[in-house]
Amino acid sequence: MAKIESYRDLIVWQQAMDLAVSIYKATRTWPKEEIYGLTAQLRRAATSVPANIAEGYGRESRASYQQFLRIAQGSLKELETHLLIAQRVGISSHEATEPLMTRSESVGTLLRLLIRKLSPE
C-alpha cells in the first residue's frame with residue numbers, strides 16, 4: 001500500500017476530482033438560462049467535495065479533519081439532489097444522471113470509510 005504524503009494521494013480525493021470534472025462536462029450542454037441556476041449550484045457542490053477533503057487534510061486536528069469530511073459529505077448530497085432535480089425538470093436524462101449518481105455514491109462510501117477510520121477506537 002502506497003504511503004499517503006498528500007491529500008492528492010487519497011483515492012477519495014481523486015474520485016471526487018473525477019466526479020467534479022464529469023459534472024462540468026455533463027453540464028456543458030445544459031440550457032444557457034441555467035448557467036446561474038442549477039448549473040452553477042451543481043458545479044459549486046461538485047467542486048466543494050474535493051476542496052473540503054483537501055482543506056480537512058491540511059487541518060491540525062483529527063476532529064477538524066473529520067468535520068471537513070462531513071462537510072464534503074453534505075456537498076455530495078447537495079450534488080445528488082441537484083442532479084435529481086435536473087432530471088425531474090427535464091434538463092438531464094436518466095441515462096446522463098445515473099452514472100454521475102453512481103460515482104457520487106462511490107465517493108460517499110469512501111468518505112464514510114475515511115471518517116470511520118479517523119474516529120477514535
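In the predicted model, Tyr 65 has a relative accessibility of 9% and therefore counts as buried, the cut-off for this class being under 20%. Tyr 57, at 28% relative accessibility, is classed as partly exposed. The ring centres of Tyr 57 and Tyr 65 lie 6.0 Å apart with their planes at 90 degrees, so the two rings form an edge-to-face pair. In the structure as a whole, 3 aromatic pairs were found. Another of these joins Tyr 7 and Trp 13, likewise described as edge-to-face, with 5.3 Å between the centres and 75 degrees between the planes. Within this pair, Trp 13 is buried at 13% relative accessibility, whereas Tyr 7 is partly exposed at 25%. Tyr 7, Trp 13, Tyr 57 and Tyr 65 belong to one aromatic cluster. The ring of Tyr 7 also carries a charged group above it, as the charged end of Arg 8 sits over this ring at 5.5 Å from its centre.

The secondary structure of the protein chain consists of 4 helices and 0 strands, giving the order α-α-α-α from the N terminus. The radius of gyration is 15 Å, close to the 14 Å given by the globule rule for 121 residues, so the chain is as compact as a globular protein of that length. Along the principal axes, the C-alpha atoms occupy a box of roughly 45 × 25 × 25 Å. Of the 121 residues, 41% are buried. Among contacts with a separation of 6 or more, 68% link residues 24 or more positions apart.

The largest nonpolar core comprises 29 residues, and those with the most contacts inside it are Ile 23, Ile 53, Leu 69, Leu 79, Val 107 and Leu 111. At least two residues of this core come from each of helix H1 (11-27), helix H2 (38-57), helix H3 (62-88) and helix H4 (94-118). Apart from its neighbours within four places in sequence, Leu 79 is in contact with Leu 19, Ile 23, Leu 42, Ala 45, Ala 46 and Ser 104.

Helix H1 contains 17 residues and spans 24 Å from its first C-alpha to its last, close to the 24 Å expected at 1.5 Å a residue. Its buried residues are Val 12, Trp 13, Ala 16, Leu 19, Ala 20, Ser 22, Ile 23 and Thr 27. Residues three or four places apart in an α-helix point the same way, because the helix has 3.6 residues a turn. The buried residues of H1 are covered by elements that include H2, H3 and H4.

Note on methods. Residues are numbered from 1 along each chain as its sequence is written. This is a predicted model: local features need pLDDT of at least 70, side-chain atom pairs count only at pLDDT 80 or more; totals for chains, interfaces and linings use all residues. Side-chain values use heavy atoms; hydrogens and water are left out. A nonpolar core is a set of buried Ala, Val, Leu, Ile, Met, Phe, Trp, Tyr and Cys residues joined through side-chain atoms within 4.5 Å. Buried means under 20% relative accessible area, exposed over 50%, partly exposed in between (1.4 Å probe, protein chains only). Contact means heavy atoms within 4.5 Å. The expected span of a helix is 1.5 Å times one less than its number of residues. Rings of Phe, Tyr and Trp (its six-membered ring) pair if their centres lie within 6.5 Å; planes under 30 degrees apart count as stacked, over 60 as edge-to-face and the rest as tilted. A charge sits over a ring if NZ of Lys or CZ of Arg is within 6 Å of the ring centre and within 35 degrees of the ring normal. The radius of gyration is taken over C-alpha atoms; the globule rule is 2.2 Å times the number of residues to the power 0.38.
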